[in-house]
Amino acid sequence: MRIFQQPLSPQTIQKLTGGDLVLKNEIELTSIADPKEAEKHSVIFLDNEKFLDLALDSKAGLIFVANRFKDAFQKKQANLILVDNPYQSVLILINFWLENEKGEFVSSIHPTAVIGQNVILPDKVFIGPYAVI
């Protein structure tokens, strides 16, 4: 498991990587993991049928799923991002996190944050879940 400093919402990850988000619950994601070691704040991906059962049994909070496997996940309570190439999507996400750790900060405003009409924000800002400004 690789843990990163900046937590991201499923919505933010979907904006970075593309794909169709199937949101089952709000969660902050902070790591990339193997399906067996994944926790509720972890992201995993499924691109190969031989790992389908591992992905279905995983505790991951977000799974990048190849479109061809979407029917298998209808009862799964994890958030999903349906994409053509899950491996490519997870690489985009890892690159984003690694760039942020190098100090090249990328702004992020959580979708549950409430920001007043006359608020002026700096160019580089991170606003977490349920923040009120």
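Trainee: What order do the six strands of the open sheet have?
Mentor: This is a predicted model, and in it the order is β1-β3-β4-β5-β6-β2. The pairing in this open sheet is mixed.

Trainee: Which are the edge strands?
Mentor: β1 and β2, the latter being residues 20-22. Each of them pairs on one side only.

Trainee: And how many degrees does the twist average?
Mentor: From one strand to the next, the twist averages 25 degrees.

Trainee: Let's stay with β1. In which sense do β1 and β3 pair, parallel or antiparallel?
Mentor: Antiparallel, over three bridges, with β3 covering residues 29-32. In that pairing L8 stands opposite L29 of β3, and I3 stands opposite S31 of β3.

Trainee: What holds paired strands in general?
Mentor: Strands of a sheet pair through backbone hydrogen bonds, in either a parallel or an antiparallel way.

Trainee: In which sense do β3 and β4 pair, then?
Mentor: β3 and β4 run in the parallel sense, and two bridges join them.

Trainee: Which residue is the bridge partner of S31 in β4?
Mentor: S42 of β4. S31 also stands opposite I3, as mentioned for β3.

Trainee: At what angle do the axes of α1 and α3 cross?
Mentor: At roughly 110 degrees, and the axes come within 9 Å. Angles of 65 to 115 degrees count as roughly perpendicular, so α1 and α3 are roughly perpendicular to each other.

Trainee: Which residues make that contact?
Mentor: α1 gives I13, L16 and T17, while α3 gives S89, I92, L93 and F96. By class, the contact of α1 with α3 has five nonpolar residues, two polar and no charged.

Trainee: Changing topic: how much space lies in the largest pocket?
Mentor: About 160 Å³.

Trainee: What lines the largest pocket?
Mentor: The lining residues are A33, D34, P35, K36, I44, F45, D47, N48, F51 and L54. Six of the residues in that lining are nonpolar, one is polar and three are charged.

Trainee: How many cavities of 30 Å³ or more are there?
Mentor: The count comes to one. About 30 Å³ of space lies in the largest cavity.

Trainee: Which residues line the largest cavity?
Mentor: P7, L8, S9, T12, E28, S108, H110, F126, I127, G128 and P129. The elements giving two or more residues to this lining are β1 (2-8) and β8 (126-127). L8, one of the lining residues, is the residue opposite L29 in β3.

Trainee: How does the lining of that cavity divide by class?
Mentor: Into five nonpolar residues, five polar and one charged.

Key. Residues numbered from 1 in each chain as written. Predicted model: local features only at pLDDT ≥ 70, side-chain atom pairs only at ≥ 80, totals over all residues. Heavy atoms only, no water. 1 Å grid on protein atoms, 1.4 Å probe; cavity = no way out; pocket = protein on both sides within 12 Å on 5 of 7 lines; lining within 4 Å. Points joined across faces, edges and corners; volume = space filled by probe spheres on them. Nonpolar A, V, L, I, M, F, W, Y, C, P; charged D, E, K, R; others polar. Helix = DSSP H or I, 4+ residues; strand = E, 2+ residues; numbered from the N terminus. Pairing = 2+ DSSP bridges. Axes fitted to C-alpha atoms, helices over the stretch in contact; angles between N-to-C directions. Parallel < 35°, antiparallel > 145°, perpendicular 65-115°, else oblique. Contact = heavy atoms within 4.5 Å.
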